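Morning, everyone. Please have a look at the model on the screen before I start.

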Amino acid sequence: MDAKSGARERFESARDGLIELSHRIHAHPELGFEEEKASSWLCESLAEAGFSVQRGICELPTAFIARAGSGTLNIGICAEYDCLPGIGHACGHNIIAASAVGAALAAAKVADEVGLTVTVIGTPAEEVGNASGKILELERGAFDGIHAAMMVHPAPFDMLRAKIIAASMFEIHYTGKASHASAFPELGVNAADALTVAQTALGLLRQHIRPTDRIHGIVTNGGSAPNVVPASTSAKFIIRSETLDQLAELRPRVHRCFESGALATGSKLQLAGGDKPYAEMRHHDAMADFYRRNSETLGRPFPNLGEWETRPTGSTDMGNVSLVMPSIHPMIGINSLPAVNHQPEFAAHCVTADADKALADGALAMAWTCIDLAKDSEMRKRLIARQ
Ligand SMILES: [Zn+2]
Ligand SMILES: [Zn+2]
């Protein structure tokens, strides 16, 4: 039996259990860095399959690393498993997690035959927008010794090289002074007005930024009562640009908008976070080509998506990985339209037959891509030489 058939046979024997795992994670959504159940279940599945598993790596209780095989080419498969506040698995990370385990099981079956080490990196908190799992794990050495990395991410439709842009999340706090809003308004310093001024300035700034820049946020504390001048307000904002370089240009302009709120009202401004941003995704062409061919073999072609091919999508900390080592991040379609990521309707789609099929196709296409990389002697040499 050839290596790809061997991997497929191993995947098929695990398929039902992986679908059950995906549905179980979906039914127990956990926020970033709190994914205790999901990370335990993933580690158990990998340990049962013979992987050596280390939990709580990099001082992150819900991060893990699992390894099988002893080949000289070490491929990393990233698993994400956090949910979104209030809307559960509306980004389908249950599918990412189960497909990562499936790919690893299948590739591990033939790892020594093709000279491969298969490493699953459990990467918490992809949705937090700053200092996330992969960024901290990169800093703390979890990716050391890995030659290339991959994952698949669910989306309404298949897209090989989504335009994934850089992003930075930060928190804003204004401190003013409380007072009776009617009897003694002149004694108050209105921290809610500071946010209003800042958001007005941001609205005007939008005319003068790149069309690919994004500024969006929420007010997390707008005050406590209408008859109390708000003494304390908070917000969370995300700014995005095509690249980290462009993001560095946008950042001070956005900060000045928040400073304007403080200046106009006399409130004090504190900014927190934004120090470990998400990088743009650099798709590795040769790896992406292998993945495309494997996906096509499984009956999952990548159609021409017109403007979607060049339009900015979201951001991911896989971008940071892609700046350090050859990486791919194909979007795998779950046939959810009109539902799209980060909608409750999308969450409902992440446990359908289409979602389960995406899990299976993504897992096998990744396992086969690992085999292709291992068996292509030129590619193997190039990947290993990068270290
Ligand atoms: Zn998301
Ligand atoms: Zn996501």
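First, the ground rules. This is a predicted model, where local features need pLDDT of at least 70, side-chain atom pairs count only at pLDDT 80 or more, and totals for chains, interfaces and linings use all residues. Residues are numbered from 1 along each chain as its sequence is written, chains are lettered from A and ligands numbered from 1 in the order in which they are written, and side-chain values use heavy atoms, with hydrogens and water left out.

Now the metal site. Which residues coordinate the zinc ion (ligand 1)? Cys-91 through SG, Glu-127 through OE and His-342 through NE2, at 2.0 to 2.3 Å. Donors here are N, O and S atoms within 2.8 Å of the metal (3.2 Å for Na, K and Ca); water is not among the atoms, so sites may look incomplete. The spacing along the chain is C-x35-E-x214-H. Glu-127 and His-342 link distant parts of the chain, 215 residues apart. Glu-127 sits in the loop between strand E4 (116–122) and helix H5 (133–139). His-342 is in the loop between strand E12 (331–333) and helix H10 (344–349). Helices (H or I, at least four residues) and strands (E, at least two) are DSSP runs, numbered from the N terminus.

Buried means under 20% relative accessible area, exposed over 50%, partly exposed in between (1.4 Å probe, protein chains only). At 21%, Glu-127 is partly exposed. So is His-342, at 39%.

Ligand 1 and ligand 2 are 3.0 Å apart, and Cys-91 coordinates both.

Next, helix H12, residues 377–385. Met-379, Arg-380 and Leu-383 are buried. They lie on the same side of H12, because they cover an arc of only 100° around the axis; that arc is taken from the directions from the helix axis to the C-beta atoms. The face turned away carries exposed Lys-381 and Ala-385.

Leu-383 also touches Pro-326, where contact means heavy atoms within 4.5 Å. Pro-326 is buried at 6%. Its other contacts include His-147, His-284 and Arg-386.

Last, the sheet. It is open, with 4 strands in the order E8-E9-E7-E10 and antiparallel pairing. Two strands pair if DSSP finds at least two bridges between them. Which strands stand at the edges? E8 (214–221) and E10 (268–273), each with a single partner strand, so one side of each is left without a neighbour in the sheet. E8 and E9 (232–241) pair over 7 bridges.

Definitions and conventions. Lists of a residue's contacts leave out its neighbours within four places in sequence.
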